[in-house]
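Have the sequence and the 3D view open while you read.

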Amino acid sequence: MDARTERAGKNEAVFREVNERINDITRENAAEYLCECANATCTETIQMTVAEYENVRSVPTHFAVLSGHELPDLEEVVARNEGFLVVRKKAGAAAVAAQLDPRS
């Protein structure tokens, strides 16, 4: 696995960990979650329901990202929702995502 793939996986895992905390304290039906893209400096948010977030999180290699934040060489778009995409990590990036999944 190359350094870019590993770095992207680690960046996304950090955003996912923050989103896990947001999800833990959310008392509403919806919340603003961080975009889980590979860009370590991204601070954009995604409005999602708790159910939408749980659906994304049900697969360790899936992440919610804003349109245009996907990296086609490291991930593929598996769902398009109003306001965000769900991407699935490929190969080495998938291994990093699964290894760093806080729910695993």
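Arg 80 stands opposite Leu 85 in S5. Val 77 has Val 87 in S5 as its bridge partner. Helices (H or I, at least four residues) and strands (E, at least two) are DSSP runs, numbered from the N terminus.

This is a predicted model: local features need pLDDT of at least 70, side-chain atom pairs count only at pLDDT 80 or more, and totals for chains, interfaces and linings use all residues. Residues are numbered from 1 along each chain as its sequence is written, and side-chain values use heavy atoms, with hydrogens and water left out.

**The sheet**

S4 pairs with strand S5 (residues 84–89) in the antiparallel sense, over six bridges. Two strands pair if DSSP finds at least two bridges between them. S4 and S5 make a hairpin with two residues between them. Gly 83 sits in the turn and has a positive phi of about 100 degrees.

Three strands build an open sheet, in the order S3-S5-S4, with antiparallel pairing. Strand S3 (62–65) and strand S4 (75–81) are the edge strands, and each pairs on one side only. Neighbouring strands of this sheet are turned by 30 degrees against each other on average, direction ignored. H1 packs on the sheet and touches S3, S4 and S5. The direction of H1 makes about 80 degrees with that of S3. Contact means heavy atoms within 4.5 Å.

**H1 and its helix partners**

Axes are lines fitted to C-alpha atoms, for helices over the stretch in contact, and angles run from 0 to 180 degrees between N-to-C directions. H1 spans residues 3–25.

| Helix pair | Partner residues | Axes come within | Crossing angle |
|---|---|---|---|
| H1 and H2 | 50–57 | 12 Å | roughly 140 degrees |
| H1 and H3 | 91–99 | 9 Å | roughly 35 degrees |

H1 and H2 are therefore oblique to each other. Angles under 35 degrees count as roughly parallel, over 145 as roughly antiparallel, 65 to 115 as roughly perpendicular and the rest as oblique. H1 passes H2 in a left-handed crossing, while the crossing of H1 and H3 is right-handed. Left-handed means that the near helix is turned anticlockwise from the far one by less than a right angle; right-handed means clockwise.

Which H1 residues meet H2? They are Arg 16, Asn 19, Glu 20 and Asn 23, against Val 50, Tyr 53, Glu 54 and Arg 57 in H2. On the H3 side, Thr 5, Glu 6, Gly 9, Lys 10 and Arg 16 in H1 meet Gly 92, Ala 93, Val 96 and Ala 97.

**Salt bridges**

The side chains of Lys 10 and Glu 6 meet in a salt bridge (3.1 Å, N to O). Both residues lie in helix H1, four residues apart, about one turn of the helix. A salt bridge is a side-chain nitrogen of Lys or Arg within 4 Å of a carboxyl oxygen of Asp or Glu. By this rule the count is eight salt bridges.
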